[in-house]
Amino acid sequence: MFTKILVANRGEIALRVIRACREMGIASVAVYSDADARGPHVREADEAVNIGPAPSSQSYLRGDVIIEAAKQTGAQAIHPGYGFLSEREWFAKAVRDAELVFIGPPPEAIAAMGSKVAARQLAIAANVPVVPGTTEALRDATEAHAIAEQFGYPVLLKAAAGGGGKGMRVVREAGELSASLDAARREAKNAFGDDAVYVEKYVVGPRHVEIQVLGDTHGNMVSLLERECSVQRRHQKMIEEAPSVAVSPELRRQMGETAVRAAKSAGYVNAGTCEFLLDRDGDFYFLEMNTRLQVEHPVTEFITGIDLVQWQIRVAAGEALPFRQEDIVPRGWAIECRITSEDPANGFLPSTGTVSYLRIPSGPGVRWDGGIETGSEVGLHYDPMLAKLIVYAANREAAIDRMHRALLELTIDGIESSRDFHLRVMEDAEFRAGAIEIQWLERRLDSLIGGKPPAEASRLAALVAALIADSDRHTPVLNSGAANGGERNAAPIADAWTRVARLESLR
Ligand code: ADP
């Protein structure tokens, strides 16, 4: 086993990996940009190395600097987390060439699955169903027109190198095609340095259901069951759960076998995810494979009882998986909400500032994977995801109630966050009934973000009541700004929340 691992990432995922290392008795090395010098991952790791200025192109994407940091600190392996260098074939290869271990799949498997076009070709060869579409990049608009006519509108233009919903355009009629193709190409070129775009039939009303796989270097590979990630905005996941209401034991078995077959055909090792669209008839189509740990891995950890990050490390060190497919049985229900620094009431605009007060939810079945704390600066350099709130309960209804309760406990002051949006979703009758598909959220968004959620309104009323009741004995919160030049003062606000909590508990 390794004695020291370098974590080539920041925020919540860096902390997640550092925690796994600590539980396994492995020392951890953090890397950080100038903007993150006081970040929690720097403090929690056993050692930390500055790798450059704030822009990620000059720090977290500097593979050469990161490999040098690993060598200098004596780390034997590098965990890339997700995003940044996690799916760069050249980085996985450079790590191997430097005689270090990349905690992830071999570079050849990243390459095989890295382009969506190549992944589709591989899937077809492995007898894995794919969404109807092309398996080559489009040459020009004329070709695009011919293909779109063949499949019928709507169609979806996709960047071959795509990720994070970038370079994707839904085209509803022939008249929109040329302009959309130009736009998709431009966006793909900017985001990925590659303007290859292909076309797929746009499936209406499917669910996004993905299968987590885990393979070792001894030829064993298991499916760690499904996650449902249909609650999406602009093709980006916002809420994930496991298992899925739409997946029967038989469908689970079929999708699991298909995912394992697709992964094996790419020579896959370590943790990875095969994403599928599941239509209303129960037919499923392979979308792509993510060759890394996913943001939403905790819901799988809850229902399988398997620590994915620890197993990534063990598999990378050459250990064989001790469990067989029949040992993997789902238990209970888990839900994850992505807490982002985006303002739902304002078109999900990114919000920046200092976290002046943070109250983290806790209690039974609650897990907080966060990268912020009171005093953290939230800027525009990195991804807006601040934390993930994950809950686990015996069944879906109980998990939704638990998430609702946990969201009520969450307070983030100083920046806007997606908390209220998530509260509304947990209160939504359609969501509670499991009647969701990938276009559901866009359709419901207006009614979900209009005004403050009722639960929040009652909390504010309680806050006001508490302030009035206690104003004789405490520094008045509402005046505290004046004393320090208008700055928000965390302490009295925290104090007020404590009083609100007390008040609420007396009800
Ligand atoms: P990215 O890598 O950019 O995340 P994906 O191929 O994983 O792109 O697709 C992201 C999301 O876009 C999917 O989860 C799904 O909601 C939607 N999507 C992708 N392909 C299709 C399709 N052919 N029809 C309908 N929706 C699709």
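**Helix packing and the ligand site**

Analyst: Happy to! Helices α13 and α15 are roughly perpendicular to each other. Keep in mind that this is a predicted model.

User: What angle do α13 and α15 pack at, and how far apart are their axes?

Analyst: The angle is about 105°, and the axes are 10 Å apart. Here α13 covers residues 419–427 and α15 covers residues 440–449.

User: Which residues of α13 and α15 meet?

Analyst: From α13 you have Phe 421, Arg 424 and Val 425. Their partners in α15 are Trp 440, Leu 441, Leu 445, Ser 447, Leu 448 and Ile 449. By class, that contact of α13 with α15 comes to 7 nonpolar, 1 polar and 1 charged.

User: Nice. And how do α5 and α6 cross?

Analyst: Helix α5 (residues 107–114) and helix α6 (residues 116–125) cross at roughly 95°, and their axes come within 5 Å. That angle is why α5 counts as roughly perpendicular to α6. On the α5 side, the contact uses Ala 112, Met 113 and Gly 114. Lys 116, Ala 118, Ala 119 and Leu 122 make it from α6.

User: Which protein atoms lie by the ligand's oxygen atoms?

Analyst: A polar side-chain atom of His 208 is 2.6 Å from a ligand oxygen. For Lys 158, a side-chain N or O atom is 2.8 Å from an oxygen atom of the ligand. Gly 164 uses its backbone instead, with an N or O atom 3.2 Å from a ligand oxygen. Overall, the protein covers 95% of the 540 Å² of accessible area that the ligand has on its own.

User: Last one: where is Thr 217, and what does it touch?

Analyst: Thr 217 sits in the loop between β9 (207–215) and β10 (221–233). Leaving out residues up to four places away in sequence, Thr 217 touches Val 269, Val 315 and Gly 318. Thr 217 and Val 269 are 52 residues apart along the chain, yet their C-alpha atoms are separated by 6.3 Å.

Note on methods
Residues are numbered from 1 along each chain as its sequence is written. This is a predicted model: local features need pLDDT of at least 70, side-chain atom pairs count only at pLDDT 80 or more; totals for chains, interfaces and linings use all residues. Side-chain values use heavy atoms; hydrogens and water are left out. A polar contact is a pair of N or O atoms within 3.5 Å; within protein, one must be able to donate a hydrogen and the other to accept it, and residues adjacent in sequence count only if both atoms are side-chain atoms. Accessible areas come from the Shrake-Rupley method with a 1.4 Å probe; for residues, only the protein chains shown count as cover. Axes are lines fitted to C-alpha atoms, for helices over the stretch in contact, and angles run from 0 to 180 degrees between N-to-C directions. Helices (H or I, at least four residues) and strands (E, at least two) are DSSP runs, numbered from the N terminus. Angles under 35 degrees count as roughly parallel, over 145 as roughly antiparallel, 65 to 115 as roughly perpendicular and the rest as oblique. Contact means heavy atoms within 4.5 Å. Ala, Val, Leu, Ile, Met, Phe, Trp, Tyr, Cys and Pro count as nonpolar, Asp, Glu, Lys and Arg as charged, and the others, Gly among them, as polar.
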